[in-house]
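Trainee: I am new to this structure. Please walk me through it by question and answer.

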Amino acid sequence: MTAVVLTLSGAVSWLFRVAFITVVPVHKLPPGVRRVLEASAPAVLAAMVATSLAPDVSRGNDLLLPAPLLAATVLTGLVAWRTQRLGLTVVVGIGSLWLLQSVF
Amino acid sequence: MTATATAVESGSGSAAVLRSPYRLAARDILPVALSVAPFGVVIGLAARAVDQGLAGGLLGGFAIYGGSAHLSSLTLLGAGANLTAILATVVVIQARLMVYGAAIAPLFQQQPQWFRWLGPHFLVDQTYALATGRADLAEPSRFRRYWLTVAALLTVVWLAAITVGMVFGPVLPASSPLDFAATAVFIGLLAPRLASSRSALIASTAGIVAVAGSHLPSGTGLIAGVAAGLAVATVMEVRTR
């Protein structure tokens, strides 16, 4: 059962990946549809950030997130915005959260 | 390419345009690969929990090549779900790959046939964001070298992380600041794309809806967030005509 599930899951994943690259080439889609699809990056990335933080969202407290996590998230965002360096952003994110959790 | 891509490129420095695609790929993917490693360890733990052998765990990791879908499959298997329910969940979670494929398709257009069929296997959130964020990959052979290097390095780290989870799982700490790595990667990839008010509005909508739906099962909140963001993009597209 496990092997069948993983094989079929892999096949589904691969079919989705090649669907608009190889099976139905995207240049056959209308330009408007393509422009909307190009907007998918900010939508997907924002949803991924939100989903990864969602388990820590407070309910009924003053702050949206626990203070160290909120501060580390804001700091990470600022570093990403100002430097646009992914490696530095990740290091600052992990380092600041570790430091803040140690202090508070 | 897009204004976003230009922003990312300008942040990388003009020398990046001339840099070898192999070095460029390694520099881009290594922090990303290390950041997803904790997730790979979790997958390894879940594979171990359903009594999978190391070979099976690694084959599953390579075949699905996506943490959320793989983890959901293993979790549902462990809970005794049937094949149809598991595949339906995988379909929902992986549906976004079609959107990624459509967005990244121009880079695959002039590639050899083998690459057009096999290359997309390595399309995941992070590789999609990296490749679409670069303005210097338009030349087909340059993109192919970049993509294959990214794929190889990410695969090695991903499978190594799954191995660590399967072999050393019981002695690993349950939680640490390293868990924040994946979030930091997504923030790092998102921030340069928020230069325009259009992108900011799309991202804000997606983020708010994703949080609101985060209690829903099987990654539905994530998909709802993406759908809401694309809906906003569609409305803006219609209004500009």
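Mentor: Start with a term. Buried area is the accessible area (1.4 Å probe) that two parts lose on being put together, summed over both. This is a predicted model, where local features need pLDDT of at least 70, side-chain atom pairs count only at pLDDT 80 or more, and totals for chains, interfaces and linings use all residues. Residues are numbered from 1 along each chain as its sequence is written, chains are lettered from A and ligands numbered from 1 in the order in which they are written, and side-chain values use heavy atoms, with hydrogens and water left out.

Trainee: What is the area buried between chain A and chain B?

Mentor: Contact means heavy atoms within 4.5 Å. By that rule, 61 residues of chain A are in contact with 84 residues of chain B. On the side of chain A, Phe16(A), Arg17(A) and Ile21(A) lose the most area, together 13% of what that side buries. Carbon and sulfur atoms give 77% of the buried area, which is about 6100 Å².

Trainee: Which pattern does chain A follow along the sequence?

Mentor: Helices (H or I, at least four residues) and strands (E, at least two) are DSSP runs, numbered from the N terminus. Chain A has zero strands and five helices. Read in order, the pattern is α-α-α-α-α.

Trainee: Is Ser13(A) buried or exposed?

Mentor: Ser13(A) sits in helix H1 (residues 2-23) of chain A. Leaving out residues up to four places away in sequence, Ser13(A) touches Ile64(B), Val90(B), Gln94(B) and Leu97(B). Buried means under 20% relative accessible area, exposed over 50%, partly exposed in between (1.4 Å probe, protein chains only). Ser13(A) has a relative accessible area of 0%, so the word is buried.

Trainee: Which residues have the most contacts inside the largest nonpolar core?

Mentor: A nonpolar core is a set of buried Ala, Val, Leu, Ile, Met, Phe, Trp, Tyr and Cys residues joined through side-chain atoms within 4.5 Å. The largest one has 97 residues, and those with the most contacts inside it are Ile104(B), Phe143(B) and Trp147(B). Its largest share, 12 residues, comes from helix H9 (residues 140-168) of chain B. Among the residues that Trp147(B) touches are Phe108(B), Phe115(B), Phe122(B) and Ile104(B).

Trainee: How many salt bridges does the structure hold over all chains?

Mentor: A salt bridge is a side-chain nitrogen of Lys or Arg within 4 Å of a carboxyl oxygen of Asp or Glu. Across the interface of chain A and chain B the rule finds zero. Over all chains, the number is three.

Trainee: Which residues do the salt bridges join into one network?

Mentor: Asp28(B) pairs with Arg134(B), the closest N and O atoms being 2.7 Å apart. Asp28(B) lies in helix H2 (residues 21-49) of chain B and Arg134(B) in the loop between helix H8 (125-132) and H9, so the pair ties together parts 106 residues apart in sequence. Asp136(B) forms a salt bridge with Arg134(B) at 3.5 Å, and another with Arg142(B) at 3.7 Å, N to O. Through shared partners, the network joins Asp28(B), Arg134(B), Asp136(B) and Arg142(B).

Trainee: Which helix of chain B has the lowest mean pLDDT?

Mentor: pLDDT is the predictor's confidence in each residue, from 0 to 100. The mean for chain B is 83. Over residues 1-14 of chain B, pLDDT stays under 50. Helix H7 (residues 113-118) has the highest mean among the elements of chain B, 96, and the lowest, 40, belongs to helix H1 (residues 3-12).
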